[in-house]
Amino acid sequence: MQNLTNSIEELQKETKNLSTKQWDFKANADRWSINQIVEHLAIWELLFIHEISVSLRVGPIPNFPKQLPDSLFLNQDPESLKPKNALDYTKPFSYTIPSGENDGEYNLNWITNMREESIEFLKNDTRDLRAHYINFGPNIHQNFLMIFTHTFRHLKQIKRVKEHPDYPE
């Protein structure tokens, strides 16, 4: 739970007091702005928590035969650290590609509200979340691991945007 808190707090810190030009700056046409990165994070947060919600409704599967190690979801694999293409996960659909039409602060509030609900859920729920599986793959615990590793990965991307020599002051 601490990593869920730390990752959203770091996202808030990295985006605090950004001007519209800073939110919308793109190093080139093929790169995302900070606004788009945060929108992408919010879209995926919504997808992740939807999967968690469905899994909770299905109920526990205590003797699930295909239990995956947590290390698969903690970026221990060097392959998992390589840049990703969001379309690879959603083909043939493009719903995780951010439009950039939302205001940056709106996107930040959107993801922050969802994250706060998740943290509150984890504080108060007593179920064994490792016994609730999502689409016969990761369990809920592992889905939360993916949420914060995804956020930390994109925080690095935000820092790269801010380090660009043409990034607005």
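A salt bridge is counted here wherever a side-chain nitrogen of Lys or Arg lies within 4 Å of a carboxyl oxygen of Asp or Glu. The structure is a predicted model, in which local features need pLDDT of at least 70 and side-chain atom pairs count only at pLDDT 80 or more, while totals for chains, interfaces and linings use all residues. Residues are numbered from 1 along each chain as its sequence is written, and side-chain values use heavy atoms, with hydrogens and water left out.

By the rule above, the model contains five salt bridges. One of them joins the side chains of E10 and K159, with 2.7 Å from N to O. E10 belongs to helix α1 (residues 2-15) and K159 to helix α6, so this pair ties together parts that are 149 residues apart in sequence. Helices, in this account, are DSSP runs of H or I with at least four residues, numbered from the N terminus. In terms of accessibility, a residue is buried under 20% relative accessible area, exposed over 50%, and partly exposed in between, for a 1.4 Å probe and protein chains only. E10, at 24% relative accessibility, is therefore partly exposed, and K159, at 32%, is likewise partly exposed.

Helix α6 itself covers residues 140-163, which is 24 residues. Its first and last C-alpha atoms are 35 Å apart, close to the 34 Å expected; the expected span is 1.5 Å times one less than the number of residues. At the start of α6, a side-chain oxygen of N139 comes to within 3.0 Å of the backbone nitrogen of H141.

A second salt bridge connects R115 and E45, whose closest N and O atoms are 2.7 Å apart. Because R115 lies in helix α5 (residues 104-124) and E45 in helix α3 (residues 34-58), the pair ties together parts 70 residues apart in sequence. Both R115 and E45 are buried.

The helices that carry this pair also pack together: the axes of α3 and α5 are 9 Å apart and meet at an angle of about 30°. Axes are lines fitted to C-alpha atoms, for helices over the stretch in contact, and angles run from 0 to 180 degrees between N-to-C directions. Angles under 35 degrees count as roughly parallel, and α3 and α5 are therefore roughly parallel to each other.

A further salt bridge is formed by D70 and R130, with 3.0 Å between the closest N and O atoms. D70 sits in the loop between α3 and α4 (87-90), and R130 in the loop between α5 and α6, 60 residues apart. R130 is partly exposed, at a relative accessible area of 39%.

Conventions:
Helix = DSSP H or I, 4+ residues; strand = E, 2+ residues; numbered from the N terminus. Polar contact = N/O pair within 3.5 Å; in protein donor to acceptor, adjacent residues only side chain to side chain. Parallel < 35°, antiparallel > 145°, perpendicular 65-115°, else oblique.
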